[in-house]
Amino acid sequence: MKTLLNFLLGLRGAFLAAGRDLMDNKAARTVMIGGVLFYSLLYPLPFHNEVPQKLPLFVVDQARSDLSRQLMRMIDSTEGVRVAAVTDSSQLALERMKSGDATAVLIIPGDFSRNIMRSGKTILPLYCDANSLLSYRVAFTGVRLAAENLGAGVRVERYRKAGMPLLSALSLQVRGQASVFTLYNPAGNYFLNTVPAVFVVILQQIMIIGCAMMSGKAWNDPMQGEHGRDACATTGRILLCCCLFFLHAFFYFWLLPIWYDVPRPHSFGLLLFFLFPLFWAAGSLGCFFGRLLKTPEMVFVAILPCALPMLFLSGAVWPPEAMPALARFAAQFMPTTPGIVGYRLIMGRGAGFAEIMPLWLQLWGLALAYYGLALFPARRKKPENQDRAAPPDA
C-alpha cells in the first residue's frame, strides 16, 4: 500500500513537472496548442462546400436548333454544371479548357436534332478534365442526366402524337432499376469521407511531435537530471499530453462539427474512451522519438512526412482491398489505422462498444508496446552531455 502511495505521489509530481516543462518549452507549446488550432481551420475550409457545384462547361453548338438550346437549358439547371460559354469552334473550346477556364467541353453535332426526331442514334462528345476526379464525375453526371431527360421527353411527345395516353407514354420511360439507398454518407461528399480521418491523423502527429520535443529537452538538458528521464517522468509526460488532447478531441470532434454543420458522434464519452489508448500510443512514440532526435528541427523532419502515408494506409481515402498484403500488414502497427476505423464507426454508424472493442483492444496492444519502447531507452543510456555537466571533483 505504501509503495502504491509513493508511486501515485511520484506520478503526481511528474505530471505537474511535465506541465511546467510544457509552459517553458516554446516549441512544444506552439505545436501542441497553436498547431491544433491552426490545422482545425486550415484543412476543412477548402472542402466545406462538400461537392463541386456549378462547374463551368463550354458548349460547341453546331446544330443551332431548338432541341440543342433546350438541352443547354437543362444542363444549366443542374446543380453540378453551368453553361459558361457557347461557341462554334471546338478547337477554341478545348484550348479554353486546357487553360483552365472550363471543366468540360460538350459538342452538339449538326445532325443532333434530325437524329433525335428520327429516333436515330445520337452521340454527344463530352471532353472532361480527368485530372480532378470529383469534377470529372460531377460534370459527366450532369450532362448525362440532362441528355437522358431530353431524350425521354422527346419520346413521350412522339407517343402522344401517335395517340397514346400520357400515363402510358410516361410508363414506357420507366425502366427496371435497382433501388439504391445511400447510408452513412448520403450526399457522397468529400468532407464527411476524409476530413474526420484527417483530424485523427492531425491529433496523433501533433501529439507525437509535441511529446518528442518535451522528451528531447529532458534528455538533452543536463539541468533535468535523472528525475526528468526516469519511468515516472515519462509516464507523467504521457499522461499530461493525454489530458491536454482530451480537450483537443472535444474541440475537433464536438465543437467543430457544430461550426461546419456535420454530424457528431452519438456518444462523446464513448469516443474519448476509445481514443485514450490511441493518445497513449502517440505519446509513447513521441517520448521514444524524443530520445533519438536531439532538436525540434529533426523531430519535424522525421515525423511530419509520415502523416500522408498513415492516412492512405488507414483505408480512409483508398480501399484496403486494393493495397498489397504487406502494406495492409504494416498499417496494423500504426495507431491511426484502428483509430480512424473506430472513429468512423462511432460517428457515421452509431456503433456501440461491442462493435469497436476489437479495435480498442488493438489500440491498447499498440499503446502498451510503444509504452515499453518509451521506457526502455531511459534505463539503458544516459544523455551525452550529462558527463560534461557533472561538477568537478574537489
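This tour goes from a helix to a strand pair and then to the aromatic rings.

A word on the source: this is a predicted model, where local features need pLDDT of at least 70, side-chain atom pairs count only at pLDDT 80 or more, and totals for chains, interfaces and linings use all residues. Residues are numbered from 1 along each chain as its sequence is written, and side-chain values use heavy atoms, with hydrogens and water left out.

Start by selecting residues 2-24, helix α1, which spans 33 Å from first C-alpha to last. Helices here are DSSP runs of H or I with at least four residues, and strands are E runs of at least two, numbered from the N terminus. Colour L11, A14, A18, G19 and L22: they are buried (under 20% relative accessible area; exposed is over 50%, partly exposed in between, with a 1.4 Å probe and protein chains only).

Next, pick β1 (55-61) and β2 (81-87), which run parallel and are joined by six bridges (strands pair if DSSP finds at least two bridges). L57 has V83 as its bridge partner in β2.

Now for the rings: there are 19 aromatic pairs in the whole structure (Phe, Tyr or six-membered Trp ring centres within 6.5 Å; planes under 30 degrees apart are stacked, over 60 edge-to-face, the rest tilted). Show F246 and F276: their centres are 5.9 Å apart with planes at 40°, so this pair is tilted. F246 sits in α9 and F276 in α10, so the pair ties together parts 30 residues apart in sequence. Then try F251 and Y252, 5.8 Å apart at 75°, so edge-to-face. Y252 is buried at 0% relative accessibility, whereas F251 is partly exposed at 24%.

Technical notes. Expected span 1.5 Å × (residues − 1).
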